[in-house]
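Q: Hi! Could you walk me through this one while I have it open?

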Amino acid sequence: MEKLTPRELAVKLNTLILYRDILDSDVIKSFFAFTAAEKSNAIGYYYEMYSALLKKPMRRVSGNLLTDFVFHTLLNRENAFSVMAIRNFLDEAAYAAMKHDIVILQSLAFFDTWVTGEEKKQNDDNISKLSNAAWGGGATSGGRTSYEKNPQTTLPKLLSLKYGEIELRDAYLADEALEEIYSRLFSGDNWTNYIDDIWNFFASYGSGDFLRYRLFDFDGTRLIPIPYDPLSMPTHSVSLYEKEKHELLTRIMNFLSNNPGDNITLSGAKGSGKTSLILSLFFELPELRLVRAAASASIDGLFSLLRNQPLNFVVFFDDMSAEDIKRLNTALFSGIVQPSNVLIVKASEETNDFAPVSVSLNPPTLNEYTDFIIETLKKRGISVSYAAARNACMDYQVETKRELSYFASNWIIDKLTVGES
């Protein structure tokens, strides 16, 4: 690793190419100000940088705030290098720029840790020595700077950027690969040795929020990641439409295996469980990335967000009218190219006999629904007689004047369990 004084590092940062946008960040602006400031202002700029680092929505993983900032810049944010890797297109000029930038980013990542000569270790005095060297322009080789000879000119000890040890403190989908990358970067002396590893990482896992999340809502212009608790997944789900679920499962698994497939129309009455059926498949298939979109969403904008990722996505348009489906189909047939890594599922109350693939959730018979209720309760450890379950189903139809549906089960199960208790 090239050991630069803070002022030398500031000069090097100004030569960044692929990652040049970080020069506009509050963190780097404060760093520049810190290294260039007179003694009276240096402390304030240091804590401006500290504050900016704390506010950054970056992963706490390295045990050092500035190292976290560099890891986030290098691995989490989409940039020209990540896009090049995802598209599997090698631009030799951009590759050379990456080799240039990564050396500078490595120096930035550990700029406060080598002052005492202990590689990547931090003690309470490192930041103070660094700040004095930055302010006065003295050496940072671990010896005394010229300004340390006069106690009146040295800066007081500053709060360290170090907060712990390198470890995973949260969960990302790509953690199996990320953990290896973190370890190599943290312990490696020359990050240029890992450029191909970073290339392969982007080519396999994508970048940005796709490294962490697999459920998204599309708001018309951007993808909003939706966190979910894996422990909240249904473990005893019983589908009212096992045959239809199996057909969807087969088609989606085929798509996830990189085999082309036709878009799917999922039809059924309101409350039949179309959305719940798709979500149950999301929970069962950990490799599935699901994007939920409104019926009126612009597919052109959505496709542009997904097209350059190495992952496969199921886009679920909910509650589509016949007119919505017509508009979507017209857009697809009129020149908007659907990416090969996108499969569309259109949910509608309308039955579309002209769809290449149509899965219909038809109303169940009374006997089918009674079996569904009994099986659902059995999964919860509750036993009821067939007659009691059947009577509860008929009571629902009489009292609500509605068809038996997926959401009717809550009413019926509540009635049966209260009666049993």
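A: Happy to. One term to begin with: a residue is buried under 20% relative accessible area, exposed over 50%, and partly exposed in between, using a 1.4 Å probe and protein chains only. At 54% relative accessibility, Glu165 counts as exposed.

Q: Is this predicted or experimental, and what are the ground rules?
A: It is a predicted model, where local features need pLDDT of at least 70, side-chain atom pairs count only at pLDDT 80 or more, and totals for chains, interfaces and linings use all residues. Residues are numbered from 1 along each chain as its sequence is written, and side-chain values use heavy atoms, with hydrogens and water left out.

Q: What is the mean pLDDT of the chain?
A: The mean is 85, and 85% of the residues reach 70 or more; pLDDT is the predictor's confidence in each residue, from 0 to 100. Over residues 114–125 pLDDT stays under 50, and the model has 36 contacts beyond four places in sequence for them, a contact being heavy atoms within 4.5 Å. Residues 134–153 are also below 50, with 42 contacts beyond near neighbours in sequence.

Q: Switching to helix H8, which residues are buried there?
A: Asp175, Ala177, Leu178, Ile181, Tyr182, Leu185 and Phe186. Seen down the axis of H8, they fall within an arc of 155°, so they line one face of the helix; the arc is taken from the directions from the helix axis to the C-beta atoms. Helices here are DSSP runs of H or I, at least four residues, numbered from the N terminus.

Q: And what covers the buried residues of H8?
A: The cover includes helix H4 (65–76) and helix H9 (195–205). On the other side of H8, Glu176 and Ser187 are exposed.

Q: Nice. How many salt bridges are there in the whole structure?
A: A search finds 14, counting a side-chain nitrogen of Lys or Arg within 4 Å of a carboxyl oxygen of Asp or Glu.

Q: What does Glu165 pair with?
A: Lys162, with the closest N and O atoms 3.7 Å apart. Lys162 is partly exposed, at 31% relative accessible area.

Q: And where do Glu247 and Arg251 lie?
A: Both are in helix H10 (residues 242–256), four residues apart, about one turn of the helix. Glu247 is partly exposed at 31% relative accessibility, and Arg251 is partly exposed at 37%.

Note on methods. Helix = DSSP H or I, 4+ residues; strand = E, 2+ residues; numbered from the N terminus.
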